[in-house]
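Hello,

Here is the structure I promised to pass on. Please have it open while you read my notes below.

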Amino acid sequence: MNQLIRHFIFLVKQRNGEHEQALLRVSFTASILIYLLIFSEAIPNIAQWFAYAYLTFSILNMIHLLFRPAPLKNRQTVTM
């Protein structure tokens with residue numbers, strides 16, 4: 001697993017658009033979700049549910065990129 005993560009970081013450093021996009025997607029969605037959790041009401045609203053769903057999708061996409069780092073047209077179509 002360590003080798004997979006190192007390879008992913010290596011690909012991000014090489015400016016591979018798909019890997020950079022996945023990392024940015026997770027970080028932006030996580031920060032938006034944290035903001036919504038801190039500054040919104042106690043009852044979850046639709047924006048929080050959407051952020052949870054999108055963060056789940058982003059994390060699953062990043063896991064898929066870890067195990068299959070080669071460019072896949074279907075994955076690029078869905079995520080870009």
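Helix α2 passes helix α3 in a left-handed crossing. This is a predicted model, so please read everything here as computed from it. The α2 helix covers residues 17-39, and α3 covers residues 46-67. Their axes come within 9 Å. The crossing angle is roughly 155 degrees. Angles over 145 degrees count as roughly antiparallel, and α2 and α3 are therefore roughly antiparallel to each other.

Which residues make the contact? On the α2 side they are E18, H19, A22, L23, R25, V26, T29, A30, L33, L36 and L37. On the α3 side they are A47, Q48, A51, Y52, Y54, L55, F57, S58, I59, N61, M62 and L65. By class, the contact has 16 nonpolar, five polar and two charged residues.

Now some individual positions, starting with R25.

R25 lies in helix α2. Is it buried or exposed? R25 has 6% relative accessibility. Buried means under 20%, so R25 counts as buried. Leaving out residues up to four places away in sequence, R25 touches Y54, F57, S58, N61 and T79. Take Y54 from that list. R25 and Y54 are 29 residues apart in sequence, yet their C-alpha atoms are 8.9 Å apart in space.

S58 sits across from there, in helix α3. Its relative accessible area is 1%, so S58 is buried. Setting aside neighbours within four places in sequence, S58 is in contact with R25, V26 and T29.

Q21 belongs to helix α2. At 32% relative accessibility, Q21 counts as partly exposed. From Q21 to S58 the sequence separation is 37 residues, and the C-alpha to C-alpha distance is 9.8 Å.

Y52 is in helix α3. With 35% relative accessibility, Y52 counts as partly exposed. Beyond residues up to four places away in sequence, Y52 touches L33 and L37. Y52 is also 23 residues from T29 in sequence, with 8.4 Å between the two C-alpha atoms.

Last, the chain as a whole.

How many helices and strands are there? The chain has four helices and zero strands. From the N terminus on, the order is α-α-α-α. The chain has 80 residues, of which 26% count as buried. R25 is one of the buried residues, and S58 is another.

What share of the contacts with a separation of 6 or more comes from residues 24 or more positions apart? The answer is 59%. The R25 and Y54 pair, 29 residues apart, gives an example of such a separation, and these two residues do touch.

The accessible surface of the chain comes to about 6000 Å². Carbon and sulfur atoms hold 69% of that surface.

To look through it yourself, begin with the crossing of α2 and α3. Then go to R25 and its contacts, including S58 and T79. Then turn to Y52 with L33 and L37.

Best wishes

Terms used. Residues numbered from 1 in each chain as written. Predicted model: local features only at pLDDT ≥ 70, side-chain atom pairs only at ≥ 80, totals over all residues. Heavy atoms only, no water. Axes fitted to C-alpha atoms, helices over the stretch in contact; angles between N-to-C directions. Helix = DSSP H or I, 4+ residues; strand = E, 2+ residues; numbered from the N terminus. Parallel < 35°, antiparallel > 145°, perpendicular 65-115°, else oblique. Left-handed = near helix turned anticlockwise from the far one by under 90°. Contact = heavy atoms within 4.5 Å. Nonpolar A, V, L, I, M, F, W, Y, C, P; charged D, E, K, R; others polar. Buried < 20%, exposed > 50% of the residue type's maximum accessible area, 1.4 Å probe, protein only. Areas by Shrake-Rupley, 256 points an atom, 1.4 Å probe, with all protein chains shown as cover.
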